[in-house]
Amino acid sequence: MAIEIVPLAQGDIPGAVDCVQKAFSDDPYFRWAFDDPSKFNIQRNAASLAAHFQYGINCDCPIYVAKITRAANETKNDLEVRLPPGTVVGVGWWYSPQAPSRPQTWSVWAQEWLLSFRQLMNNILFFGRGGLNVRRYWIWKQVQQTAHDSIWQDPRGYYFCNVVGVNSEARGMGVGKKLMERVMEKADQEGMPCYLESSKGYPNVCIYEKMGFELVREIDI
Ligand SMILES: CC(C)(COP(=O)(O)OP(=O)(O)OC[C@H]1O[C@@H](n2cnc3c(N)ncnc32)[C@H](O)[C@@H]1OP(=O)(O)O)[C@@H](O)C(=O)NCCC(=O)NCCS
């Protein structure tokens with residue numbers, strides 16, 4: 001399978017949203033936060049993800065997508081027949097390090113307001129949060145903040161892998177590793193640390209250990 005890893009562009013947002021929704025449909029955090037499947041609104045969820053990707057592009061976050069590509073004379077394999085060139089099969093969505101001592105820039109501040117505004121519009125358009133259990137969401141946010149406050153010891157901040165997801169049909173083929181390496185190599189060149197959280201212990205801990213991560217804490221919510 002021929003895959004290219006490229007920075008997320010505006011036109012990739014719908015494909016990236018679709019990929020994340022599929023990759024996380026059985027994720028334990030997702031199922032906990034959207035605890036009533038009868039209330040889940042997939043379009044509302046897609047609008048929220050799209051707003052976050054737009055924020056990521058506007059803030060120059062290191063977000064990469066894995067896309068199916070194919071040279072003209074290459075023969076297609078089964079996966080490529082099902083998924084045409086250009087299909088997004090993986091997303092690696094990171095945040096750049098933010099030193100706690102440094103004030104937030106005006107442009108990031110403005111983008112955060114814009115994101116909140118877009119989410120407010122989504123609440124109006126879709127009559128609510130699309131099945132998100134808001135109480136649980138805020139429990140998670142608080143627990144996550146407490147974890148960061150005690151684990152994040154480096155004063156320069158961390159490259160934070162917010163989401164990495166690969167289409168189930170393309171897993172185990174090195175796509176996730178390629179997506180991660182794009183940012184991890186940059187971090188290594190800069191001598192910066194990387195951090196991530198995974199709500200699925202198996203097999204993810206093993207996968208991330210192979211990529212050089214080390215388990216530092218288990219978080220209960
Ligand atoms: C986690 C995930 C992104 C990994 O992507 P992937 O493309 O399947 O992983 P890769 O093929 O690049 O494999 C990376 C390494 O892990 C190993 N690996 C992959 N799947 C594995 C499994 N199920 N068990 C053990 N090792 C595994 C690979 O052999 C490879 O090791 P190597 O470097 O020694 O060859 C993907 O499985 C996924 O999208 N999962 C669902 C969403 C999710 O849980 N995301 C993470 C939460 S933020």
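Me: Why is Phe 127 called exposed?
Reply: It has 9 other C-beta atoms within 10 Å. A residue is exposed if that count is 12 or fewer, buried if it is 20 or more, and partly exposed in between, with C-beta atoms placed from the backbone. A count of 9 meets the limit of 12 or fewer, so Phe 127 is exposed.

Me: What kind of model do these values come from?
Reply: This is a predicted model: local features need pLDDT of at least 70, side-chain atom pairs count only at pLDDT 80 or more, and totals for chains, interfaces and linings use all residues. Residues are numbered from 1 along each chain as its sequence is written.

Me: Where does Phe 127 sit?
Reply: Phe 127 lies in the loop between helix H5 (106–125) and helix H6 (134–151). Helices (H or I, at least four residues) and strands (E, at least two) are DSSP runs, numbered from the N terminus. Phe 127 also has a positive phi of about 55°, although it is not a glycine.

Me: Which phi does Asp 60 have, and what makes Asp 60 exposed?
Reply: Its phi is positive, about 60°, and Asp 60 is not a glycine either. Asp 60 is in the loop between H3 and E2. It has 12 C-beta neighbours inside 10 Å. The limit is 12 or fewer, so Asp 60 counts as exposed.

Me: Why is Gln 98 called partly exposed?
Reply: Gln 98 has 14 other C-beta atoms within 10 Å. Gln 98 is in the loop between E3 and H5. Its C-alpha is 6.9 Å from that of Tyr 158, and 60 residues separate the two in sequence.

Me: What makes Lys 141 exposed?
Reply: Lys 141 has 10 C-beta neighbours inside 10 Å, so it counts as exposed. Helix H6 holds Lys 141. The C-alpha atoms of Lys 141 and Ile 5 are separated by 30 Å, and the two are 136 residues apart along the chain.

Me: Why is E2 said to be largely enclosed?
Reply: Six of the six residues of E2 are buried, so the rest of the structure largely encloses this strand. Ile 63, Val 65 and Lys 67 point one way, while Tyr 64, Ala 66 and Ile 68 point the other way. In a regular strand the side chains alternate between the two faces of the sheet.

Me: How do you know that E2 pairs with E3?
Reply: Strands pair if DSSP finds at least two bridges between them. Five bridges join E2 (residues 63–68) to E3, so they pair, and they run antiparallel. Ile 63 has Trp 93 as its bridge partner in E3. Lys 67 has Val 88.

Me: Which other strands are joined by bridges?
Reply: Strand E1 (residues 3–7) and E2 share five bridges and run antiparallel. There, Ile 3 is partnered with Ile 68. E3 and strand E4 (residues 159–166) are antiparallel too, over six bridges. Trp 94 stands opposite Cys 161 in E4. E3 (residues 88–95) is mostly covered, with seven of its eight residues buried.

Me: What makes a set of residues a nonpolar core, and how many residues has the largest?
Reply: A nonpolar core is a set of buried Ala, Val, Leu, Ile, Met, Phe, Trp, Tyr and Cys residues joined through C-beta atoms within 7 Å. The largest one here has 32 residues, and Ala 16 and Val 89 have the most contacts inside it. H1 (13–23), H3 (42–58), E2, E3, E4 and H7 (175–190) each supply at least two. H1 gives the most, with six. In soluble globular proteins, nonpolar side chains tend to be buried together.

Me: Which residues is Ala 16 in contact with?
Reply: Contact means C-beta atoms, placed from the backbone, within 7 Å. Leaving aside neighbours within four places in sequence, Ala 16 contacts Leu 8, Phe 53, Val 65, Val 88 and Val 91.

Me: Which residues are closest to the ligand?
Reply: The closest are Arg 171, Gly 176, Lys 177, Pro 203 and Ile 207, among 21 residues that surround it. A residue is near a molecule or strand if its C-beta atom, placed from the backbone, lies within 6 Å of it. E4, H7 and H8 each supply at least two residues of this shell.

Me: What is the peptide bond from Tyr 202 to Pro 203?
Reply: That bond is cis, with omega near 0°. Pro 203 is in the loop between strand E5 (194–196) and helix H8 (204–210).

Note on methods: Two residues are in contact if their C-beta atoms, placed from the backbone, lie within 7 Å.
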